[in-house]
Amino acid sequence: MEIRLKTKNGELLISKIFSAVENEEVRTWIVRKDKYNNKYLTHKPEQWYDKVLFVFNATTEDVIISIRWWKNHEEPNEETKGYYIGRLTELLLVNFKNYYTAFEIIK
């Protein structure tokens with residue numbers, strides 16, 4: 001599963017999302033980093049913490065948000081992935097709607 005956002009400035013959108021989480025303007029998400037200092041987003045409540053990681057990539061026209069998980073964890077089931085996609089969708093629609101023109105979820 002992934003989310004694609006049409007945008008003219010993907011790097012700005014990604015920066016805004018991570019900044020809002022790091023500055024605790026958005027309190028239900030947390031930024032995690034791997035040993036290479038790559039940033040991921042995961043849901044903060046204990047029930048969901050670290051079960052799914054979202055990785056963000058910008059192209060010239062899109063931000064692509066993909067699901068990942070830690071190497072030492074099992075792949076999340078489809079239900080867990082669906083809950084995460086739903087919660088991230090809420091975050092994007094409520095807090096960042098002015099930074100993209102189209103929103104697509106790809107199963």
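Reader: Which residues touch the most other members of the largest nonpolar core?
Author: In this predicted model, they are Trp29, Leu41, Phe54, Phe56, Ile65, Leu88 and Leu92, out of the 26 residues in that core.

Reader: And which elements give two or more residues to this core?
Author: Two helices are on the list, H1 (10-22) and H2 (78-95). The strands on it are S1 (2-6), S2 (29-33), S4 (53-58) and S5 (62-68).

Reader: Which of them gives the most?
Author: Helix H1 does, with six residues in this core.

Reader: Take Leu92. What is Leu92 in contact with, leaving aside neighbours within four places in sequence?
Author: Leu92 is then in contact with Ile3, Leu5, Ile17 and Ile65, and also with Lys97, Tyr100 and Phe103.

Reader: Turning to aromatics, how many aromatic pairs does a search of the whole structure find?
Author: The search finds nine aromatic pairs. One of them joins Phe18 and Phe56, with ring centres 5.1 Å apart.

Reader: Why is the pair of Phe18 and Phe56 edge-to-face?
Author: The planes of the two rings stand at 75°, and an angle over 60 degrees counts as edge-to-face.

Reader: Are Phe18 and Phe56 buried or exposed?
Author: Phe18 is buried, at a relative accessible area of 6%. Phe56 is buried as well, at 9%; the cut-off for buried is under 20%.

Reader: What about Tyr100 and Phe103?
Author: Tyr100 and Phe103 form a tilted aromatic pair, with 5.9 Å from centre to centre and 50° between the planes. Tyr100 counts as buried because its relative accessibility is 11%. Phe103, at 26%, counts as partly exposed. Both residues are also among the contacts of Leu92.

Reader: Which residues do ring pairs link into a cluster?
Author: The cluster consists of Trp29, Trp48, Phe54, Tyr83 and Tyr84. Trp29 and Phe54 are also among the core residues that touch the most other members.

Reader: New topic: how much space lies in the largest pocket?
Author: The largest pocket holds about 220 Å³ of space.

Reader: Which residues line the largest pocket?
Author: The lining is made up of Asp34, Lys35, Tyr36, Tyr40, Leu53, Arg68, Trp69, Trp70 and Lys71.

Definitions and conventions. Residues are numbered from 1 along each chain as its sequence is written. This is a predicted model: local features need pLDDT of at least 70, side-chain atom pairs count only at pLDDT 80 or more; totals for chains, interfaces and linings use all residues. Side-chain values use heavy atoms; hydrogens and water are left out. A nonpolar core is a set of buried Ala, Val, Leu, Ile, Met, Phe, Trp, Tyr and Cys residues joined through side-chain atoms within 4.5 Å. Buried means under 20% relative accessible area, exposed over 50%, partly exposed in between (1.4 Å probe, protein chains only). Helices (H or I, at least four residues) and strands (E, at least two) are DSSP runs, numbered from the N terminus. Contact means heavy atoms within 4.5 Å. On a 1 Å grid over the protein atoms alone, a cavity is a set of points where a 1.4 Å probe fits but cannot get out, and a pocket is an open set with protein on both sides within 12 Å along at least five of seven lines; lining residues have an atom within 4 Å of a point. Grid points are joined across faces, edges and corners, and a volume is the space filled by probe spheres set on the points. Rings of Phe, Tyr and Trp (its six-membered ring) pair if their centres lie within 6.5 Å; planes under 30 degrees apart count as stacked, over 60 as edge-to-face and the rest as tilted.
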